[in-house]
Every structure is written in C-alpha cells, then in structure tokens.
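Dear colleague,

Please find below the structure I am handing over to you. My notes on its fold and packing follow it.

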Amino acid sequence: MTGDESLPLPPHAVSRLRAARLARSSKPFLARGGPRGERCAGCRLVPSHCLCGLRPVVPVCVGVCLIMADIEALKPSNTGWLVADVVPDTFAFGWARTEADPALLALLRDPQWQPYVVFPSEFVEPARVVNDVPVAASPIARRPLFILLDATWPEARKMFRKSAYLDSFPVLSLRSDRLSNYQLRRTKADQHFCTSEVAALCLAACGETLAAQTLNAYQEVFTDHYLRAKQQLPLDWEDAAHKRLQSLANLMALKLLQSPELQSPADSLETRRLAY
Ligand SMILES: [Zn+2]
C-alpha cells in the first residue's frame, strides 16, 4: 500500500509544538542533510515516501510527556514525533532553563497520573531510582506518565539537573540488552537510545509488550522511509520491516476488537484510522 489514501489526522502534541516553534523562528529552519522540497504535514517526509498510511493505533493506559530541547521538535529525524503518532496520550513541551510551561506543571500535578522521569540511574541518588513500573491493580490506580527528556545527551543532562519541578518524582532507569538500531543521527560516541526506543522500553516495562513492539516496528519503517527519501531511492512496501509492522498492527487491531475497554476515551479511535 502507499500512504496516498491516508485520511488527514488532527495535529498531535509534537506537531503543534513544532508549529509554535517555527512561528517563533526569525529565519527558516534548514534541516542538515534532510530531503528538500515539499513535505507531508503528517509525517515530515516527501510525499513519495509518506508514512501516514502506516501509522498504527496503540491505545495504552499510560502516557508519555516529552520535554523537548529547543530545536528538537524542528528536526525531521526527531522520533518523539513517532511516539506522538502512536501513543494517544502523548504530551509535548519545550524546555527553558529559566521557566517551566504552566501547562506542563499542571499536567505533573494532575492526580490521574503517576509521573516517572526516565533517566539513567548512575546520575541519580539511589533512593529515587526504580527499575520497574507497578502494573495498575485497580481501575482507580494512577496511570504511569513517562517523562522523556528529548534532547542530545549533554542537553538532557542539563535539563535533568536544572528542572527542579522534576525532583520529587521517581526516576525510572531502563535496562535493555538490545542495541539500538537507530541509524539517523547515530555517531560512534552516541550509544544512547533514541526517544521512540526509550518510549518503547517504557511501554514494555509496564507490560505493554505488543505496543512496545509496534512502536519499534514503526520506527524501523520510519527510518527506512527517511533514509530512502534522503538518498532518493524508491520504497519497498513489501520488505520485512513493512510486513512486521503490518502483522503487529493487525494483532493490535484484533486485541482492540476483543477488548473495547482498551480504547482511550480521550482520543476516540473513530478519529484515528486503523492502518491496515
Ligand atoms: Zn505523511
């Protein structure tokens, strides 16, 4: 299939943050090495490599709060965008050293959420560190809200140190033996996970295995579309990555049919399109 038949979706949190950041720019943001010309507003790719028709639906009870370094939302390779594509309750805020967005502070105070700051344990006092997220035992339990600092590693460390409003929350330190397969901005010195991989590890940590696999498969297909667009190569819609995403999306659709209570009332599935 191609992305041509996708329906327009309302802009998600990262898309809105990007638009707001662009509106504040005094000069146009030029992505280094990215493809030039017209871009799809839904996925940031050139129309021939549009990903929108492949966007899977992953309704989960957890939320993701992206706190993004200044130009992160502008980067066409940013994978926080993919998290917002897939996880209905994704929130996104720009970070500033001197002040916190009042909407972010209100979200962190909202009693329906139990925030977890996702950060490596070696930089945190041990008493704050947790390695697992308790799966909600009752419907009235607070829902996990994973706070991800979406930035380069030095920026993320600075953001962690200089955001006092995060100090009271537990720090989730993720362990994974899986090496990152992220290829877009990978350098030899950068062995850290990309944002969507971290979000997938969070989903896995609270038992949302199928959702985690689906997000990883979606990121893999995005990486393929992004790199092929950059190299002006045609897509192979039938390759292993596309087939894996399709089979996971089918499994998720089946799970939804069997468990309608999984559907998030805040973001009705009627407004989102099943990709397959
Ligand atoms: Zn698109």
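Helices (H or I, at least four residues) and strands (E, at least two) are taken from DSSP runs and numbered from the N terminus. The model is predicted: local features require pLDDT of at least 70 and side-chain atom pairs pLDDT 80 or more, while totals for chains, interfaces and linings use all residues. Residue numbers start from 1 along each chain as its sequence is written.

The chain contains seven helices and six strands, arranged along the sequence as α-β-α-β-α-β-β-β-α-β-α-α-α.

The six strands make an open sheet with parallel pairing, in the order S2-S1-S5-S3-S6-S4; two strands pair if DSSP finds at least two bridges between them. Strands S2 (90–94) and S4 (129–130) each have a single partner strand, so one side of each lacks a neighbour in the sheet. S1 (residues 63–68) is joined to S2 by five bridges, and Ile-67 has Phe-93 in S2 as its bridge partner.

Helix H1 (residues 13–24) lies across S1 and S2, at about 20° to S2. Axes are lines fitted to C-alpha atoms, for helices over the stretch in contact, with angles from 0 to 180 degrees between N-to-C directions; contact requires C-beta atoms, placed from the backbone, within 7 Å.

Helices H6 (residues 209–230) and H7 (residues 240–258) pack at about 150°, their axes 9 Å apart. Among the residues that meet there are Leu-210, Ala-217 and Val-221 of H6 and Leu-245, Leu-248 and Met-252 of H7.

With kind regards

Methods:
Two residues are in contact if their C-beta atoms, placed from the backbone, lie within 7 Å.
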